[in-house]
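This note is meant for a colleague who is opening the structure for the first time. Please keep the view at hand while reading the points.

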Amino acid sequence: MKTDKLISIETFCYNYEIEFSFIHSLHEYGLVEITTIEEEEFLPKEKISDVEKMIRLHHDLGVNLEGIDVIYNLLNRVENLQHEINSLKNRINFYED
């Protein structure tokens, strides 16, 4: 499997100065996906910005893992609702013209 769309958890944790256990805890809560290739663990590169947000919530604001789970899921719901609103606005505009 190609690793060009993945980043090593070891590298990620070193660069962000966080513990491996934090990433594993996020994985246990279902907030991040970990891919294992030849006994090395990876995160998908497209999810790095999400993990960065979770790190800031935890370290900067002191939010525990349960809180991160709730906040992250609520933010995803808000984003989905925004997309739905935009889609509905576009449909209304189509019929108004």
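The numbered points below go from the sheet to the core, and then to single residues in loops and in a helix.

1. Basis of the note. This is a predicted model, in which local features need pLDDT of at least 70 and side-chain atom pairs count only at pLDDT 80 or more, while totals for chains, interfaces and linings use all residues. Residues are numbered from 1 along each chain as its sequence is written, and side-chain values use heavy atoms, with hydrogens and water left out.

2. The sheet. Helices (H or I, at least four residues) and strands (E, at least two) are taken as DSSP runs and numbered from the N terminus, and two strands are said to pair if DSSP finds at least two bridges between them. On these terms the model has an open sheet of 3 strands in the order β1-β3-β2, with antiparallel pairing. The edge strands are β1 and β2 (35-37), each of which pairs on one side only. From one strand to the next the twist averages 45°, where axes are lines fitted to C-alpha atoms (for helices over the stretch in contact) and angles run from 0 to 180 degrees between N-to-C directions.

3. The two pairings. Strand β3 (residues 40-44) is joined to β1 by 3 bridges, and these two strands run antiparallel. On the other pairing, 3 bridges join β2 to β3, again antiparallel, and Thr 36 has Glu 41 in β3 as its bridge partner. In general, strands of a sheet pair through backbone hydrogen bonds, either parallel or antiparallel.

4. Ser 8 belongs to strand β1 (residues 6-8) and stands opposite Phe 42 in β3. Ser 8 counts as buried because its relative accessibility is 9%; buried means under 20% relative accessible area, exposed over 50%, and partly exposed in between (1.4 Å probe, protein chains only). Apart from neighbours within four places in sequence, Ser 8 is in contact (heavy atoms within 4.5 Å) with Glu 40, Glu 41 and Phe 42. With Glu 40 there is also a polar contact between the two side chains, at 3.0 Å. A polar contact is a pair of N or O atoms within 3.5 Å; within protein, one must be able to donate a hydrogen and the other to accept it, and residues adjacent in sequence count only if both atoms are side-chain atoms.

5. The hairpin turn. Strands β2 and β3 form a hairpin with 2 residues between them, and Glu 38 in the turn has a positive phi of about 50°. Most residues other than glycine have a negative phi. Glu 38 counts as exposed, since its relative accessibility is 77%.

6. Glu 17 is placed in the loop between α1 and α2, and with a relative accessible area of 73% it is exposed.

7. The nonpolar core. A nonpolar core is a set of buried Ala, Val, Leu, Ile, Met, Phe, Trp, Tyr and Cys residues joined through side-chain atoms within 4.5 Å. The largest one has 20 residues, of which Phe 12, Phe 22, Ile 23, Leu 26, Leu 43 and Ile 68 touch the most other members. The elements giving two or more residues to this core are α1 (9-16), α2 (20-28), α3 (48-59) and α4 (65-96), and α3 contributes the largest share, 5 residues.

8. Ile 68 and Leu 31. Not counting residues up to four places away in sequence, Ile 68 touches Phe 22, Leu 26, Leu 31, Met 54, Leu 57, His 58 and Val 63. Leu 31 lies in the loop between α2 and β2 and is buried, with a relative accessible area of 10%. Beyond its neighbours within four places in sequence, the contacts of Leu 31 are Leu 26, Met 54, Ile 68, Asp 69 and Tyr 72. The C-alpha atoms of Leu 31 and Asp 69 are 6.9 Å apart in space, although the two residues are 38 residues apart in sequence.

9. Ile 92 in helix α4. Ile 92 lies in helix α4 and counts as partly exposed, at 49% relative accessibility. Its C-alpha atom is separated by 40 Å from that of Val 63, which is 29 residues apart from Ile 92 along the chain.
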